[in-house]
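Subject: Handover of a structure, with notes

Dear colleague,

I am handing over the structure below, and my notes on it follow directly after. Please read them alongside the coordinates.

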Amino acid sequence: LVLEEIIGLTTKNANGLSSNMLTGDCVYLAGCVVVIYNVESGNQSHLVVSSRMPKPLTCVAVSNQNGGIIAAGESGHKPAVLVWDYSTRTLLAELKVHRYGVACIAFSPDGKHLISVGFPHDGYLCLWDWRNGGLVTKVKSSSSCSVISSVIFSSDANFFVTAGKKHMKFWTVGPSLRLLSNVGAGLPAMDGKSANLGCQKGSSFISVTSASWTVPIPGRDQAAEFYPIYALTDAGVLCLLGSGFSMKKWVDLKVEKGFALSVSNKLIACACNNGVVQLFSTETLMFAGSLQYSELKETHNSRDMTCEDKHIRSDPTIPDAIACQFVTSEKLVVIYGNHNLYVWDVRDVAKVSRCSVLVSHGACIWDVKNLSCENMHDPNLACVARGCCGGVSFATCSTDGSIRLWDLALRLELKQKNYRPSVAISEQVDGNSNDTEKFAAIHLVSAGIFERDIVESGVSTQGFRAMAVSSDGKYLAAGDCQGNLHVYNLNTADYTCIQDAHEAEILSLSFTLSSKNSSCPGRYLLASGGRDRMIHLYDVERNLELIESLDDHSAAVTSVELTYNGCKILSCSADRSLVFRDVAITDSGCNISRCHQQIASNGTVYDMAIDPATEVAVTVGQDKKINTFSTSTGKLIKTFKQDRDFGEPIKVSIDPSSSYLVCSFSNKSMCIYDFNNGDLVTQVVGHGEVITGVIFLPDCKHIISVGGDGCIFVWKLPSLMSSRMLHRIMERAGPLSPTSTTKKGFSSGSMLYEKADHPFDNDSKDFSVVENFDQDYKKALFKEASDFRFSISRLPNWAKTKVTPNEILSTHSESTSSQVHFIGVETKSKWYVLLQHCPFEARLC
C-alpha cells in the first residue's frame, strides 16, 4: 500500500514542529510518520521506517545545509533518532542510545552534528556525528541538570543551549569534541555553564531558539554577542540573552502560559494559551502584533490587543497555540491544541491574515463509515468503481465530540483544475433546536478534502463512540460515550436525540433499508448495541420508535449487524458468543427469535463484518483468530491462520467485491488478506496508536484507517488489487439504482437500454459480455452510438486496432473528449460493452 494522505497530526509541543525555509515546507508528526507539508502547493510527502515496526515520534528537526536533512526522535523502549535525506526521502541513519524516548533534538548549523535529549527518566544528553553513526559524547542529565524541554545550537556552532525546568545551560563544543567519534566507554566529558538569568532565575523555560540568519562577523571573540539567544518561560516571559550568557532584556507577555517560540529575520513569534500568538521585533523586543485563533474570521487586526493593556485569560473553548514555526519570513505555521494547523500571512503585522487551515479531529477517532454518493447509491455497491460520478465520501467520529464528513471527489476535481489552495466548506448543525445554523469558512484540509462539521449535540457528551449510515445515505446515527443516540437526516438536517438509550456507551450501530423481498417492507431499522449488554431495535420512519430490546448477552455487545434484507440480527459480545436471530416485523408488532448461537472466540469478540453478497460474517477476537460464519446457517466456515504474531485483531472490513478483507491489530499494524484462501497479502504500519476503524472506499482504490492518535490515513491500493476487485464487481454487477430500469433508450451521460428491445437484461449479473448479435442489430447499434462523442485515446494499442467499424474511427479519431459514451470492441464474435464514466481498469476488464 502507498500512504497517499494523512489528515491530522500528533504534534504535542514545540519540538514536534520544524520547517525548511528554503523550500517553504513545514514538518510535523502524525503517529509514526513525519509529514512534510508545502504551504504553497498543499502537497504532502511522508517519511516512515519500513524495515521494522516503527515507534511513535515525539520530536523533529530540519537542517537546511547540504541539501537538507530531517531527523526525528522515537518514543518507547529503546528508541532511535532517525535521520533522512530531505530530497530523496531515504533513511540515512538510526542512532540508538536512549532507553525510553527522545524528548528533543537539534542540528548544528553545518548539519554535521546532532544533539538529542532523552526523556526525564532516560537521563542522557547526546552529541552525535550522525553521518558516521558515531556518538561523540553523552552526559547523564540527571547529574548535571534538571528536566530538559528544549535544545538549540548557536548559529556559529560553538555552543548549544539546553533549557528546561528551573535551568538554562550553555554547552561549549570545542574542536576536540567535534573530531571525536568514539562509541562506548571512555567518551570525553562535557560540562555546561549556567546562564546568568537575573530576575528570571528559577524560571522554567519551555522553548529556546537562536537568530539563525545572522552572518558571522570575523575577528570577534564572543559569538554570543552577535548570535542572540531567545527563550520563553512557561509563565509567558520572553527573554533575550546576550554576551556572557547573561540576561539582556525580557518582556512579560501577560498570558497564563507560554508554549513555543520561533524567529524569522524580523519577527519573534510566541505561542501562548487561549489560541494567541504574539509577535515581537527581533532587535528591540517591541510588541508588533498578535494572531488570535478563530474559526469564523478570515482577517484579524493585530492591533486590537496589545500585551501591555490586556491580560489574556483562559477560555476552555479556545485551544492553546502549542507550536509555531516560520516557514518563510512572511508565513507562520501554528499548531493548536485541537490538532488544527493554521498558516498565517504576517507580511503586514498590522493586518495579518489566515492563508489556509488543515482541519482534523482533536482526539481519538473511534469509527469510520462510508457515505452514499450524490446519486444516493449504497456504498456497498462500489458505485464509483462502476462508473458513478457522484463522488467518494466517508464520515468519522471522535472523542472530541464531533463527526466530520469527508469528500475525496473534490480533492480530485481541484487537482484536475490545478487549484493551488484546496477549499472546503464547514457546515454546522446545532442539535439544540430544529433550526439549522450554518456558517462558511475557508479550510485547507490535507489534499483538499471537503469537510462539514455537523455535530454540536443537544446534550452533554464526552465524545462519539460508534456510527452507522443508512444504505441510501439519508440517515447518520451516532452513539456517544454516555449512551445517548443521535440521528441526523443528512438531506434535511433534521436532528433527533434519544437520551439514555443505553445505560453505558454505545459500542455499535447498524442500519438496514428493507427491500421488496423483506418481511418488513418499506421500513428503516436501526439496531444499537452497548456496554450495558443490551441491543435495541428502532423503527426510523416512526420517529425512532423502540420496537424491541434484547438482553441475551451476558457482557458488552461489541458489534451488531442487520443483514441486507433486514430479516436477521447478528451480534457478538465480550461473552465470546456470536448470536443469529430471525426478525419478523409487521404493523402489529415485532417477533425476534434466536436461531443460532456460536462460541466465536476463546475471548472477547471485538468486531464483526457482514458480506451480503456471499452471506458470510467475519469475526475477530481476543483469541487472535479470524473466523468466517454462514449468516444463513450460523455454522463456522473457516478460520484464517496467521503466520506471524501481530497481536490481537481489533477491527475487520470486507471490500465491495468480496475479494479481500482488512484487519487492524493491537500492534498498531494493518493487514490485508485474500478473502478466499486467507493468505496474507500485505502489512502496513504508520499509526501511533491502535487502529480503531478501517474501511475500503467505494472506488476500490483506497483504504481509510483511523486510530487512537486522531489521524486519518488514506492508503492507495496497488493496481493489481484494484483490478481484481473491479473485475469481480463487474462480473456480478446489477443496476446502480432501483430507478434505472424505468429509463428507456440511450441518453447522453449514461448507457441505458430497454429490456424488451435488447437481447440482455438490465438486471443481469454480468452485462459486460453480449454474444451472438445478428448483423442487422450490430449495424443499428453502431449507427445510434455514432451520434455520441467518443475517444479511444486512453485505450491500449491492441484495443485501438480492434475498435470497429472503421467509419467511427475516421469520424471521431480527432476527438479529445475524455468522456466515453459507447465503444464496441469485436473480438472472436464477442462484444464488450464499455460504459461511460467507467475507470480505465474497468474498461480493460
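Over residues 394–408 the chain is 7% helix and 67% strand, with the end C-alpha atoms 8 Å apart, where helices (H or I, at least four residues) and strands (E, at least two) are DSSP runs numbered from the N terminus.

Two remarks on conventions apply throughout. This is a predicted model, in which local features need pLDDT of at least 70 and side-chain atom pairs count only at pLDDT 80 or more, while totals for chains, interfaces and linings use all residues. Residues are numbered from 1 along each chain as its sequence is written, and side-chain values use heavy atoms, with hydrogens and water left out.

For the protein as a whole, the secondary structure comes to eight helices and 60 strands. Buried residues make up 58% of the 845 residues; buried means under 20% relative accessible area, exposed over 50%, and partly exposed in between (1.4 Å probe, protein chains only). The accessible surface comes to about 34400 Å², of which 48% belongs to carbon and sulfur atoms, with areas from the Shrake-Rupley method (1.4 Å probe; for residues, only the protein chains shown count as cover). Among contacts between residues at least 6 apart in sequence, 51% join residues at least 24 apart, a contact being heavy atoms within 4.5 Å.

The largest nonpolar core has 40 residues, of which Y28, L341 and I703 touch the most other members; such a core is a set of buried Ala, Val, Leu, Ile, Met, Phe, Trp, Tyr and Cys residues joined through side-chain atoms within 4.5 Å. Helix α4 (residues 719–731) supplies the largest share of this core, four residues. Apart from this core lies another, of 22 residues, among them A288, Y336, V352 and V357. Leaving aside its neighbours within four places in sequence, I703 is in contact with several residues, including L1, V662, M670, F696, F713 and W715.

Y28 belongs to strand β3 (residues 25–30), and six of the six residues of this strand are buried. Both faces of β3 are covered, with D25, V27 and L29 on one side and C26, Y28 and A30 on the other. Strand β2 (residues 17–20) pairs with β3 in the antiparallel sense over four bridges, where two strands count as paired if DSSP finds at least two bridges between them, and S19 has C26 as its bridge partner in β3. These two strands, β2 and β3, form a hairpin with four residues between them, and G24 in the turn has a positive phi of about 75°. On to strand β4 (residues 33–38), which runs antiparallel to β3 and is joined to β3 by six bridges: D25 stands opposite N38 in β4, and the hairpin of β3 and β4 has two residues between the strands, with G31 in the turn at a positive phi of about 70°.

An open sheet of four strands has the order β1-β57-β56-β55, with antiparallel pairing. Its edge strands are β1 (2–7) and β55 (691–696), each of which pairs on one side only. Neighbouring strands of this sheet are turned by 20° against each other on average, direction ignored; the axes are lines fitted to C-alpha atoms (for helices over the stretch in contact), and angles run from 0 to 180 degrees between N-to-C directions. Strand β57 (residues 712–716) is joined to β1 by five bridges, and F713 in β57 is the bridge partner of I6.

Finally, two residues deserve a look for their backbone angles. Most residues other than glycine have a negative phi. K254, although not a glycine, has a positive phi of about 60°; K254 lies in the loop between β21 (247–252) and β22 (258–263) and is partly exposed, with a relative accessible area of 29%. C700 also has a positive phi, near 60°, and is placed in the loop between β55 and β56 (702–707), but C700 is buried, with a relative accessible area of 0%.

Best regards
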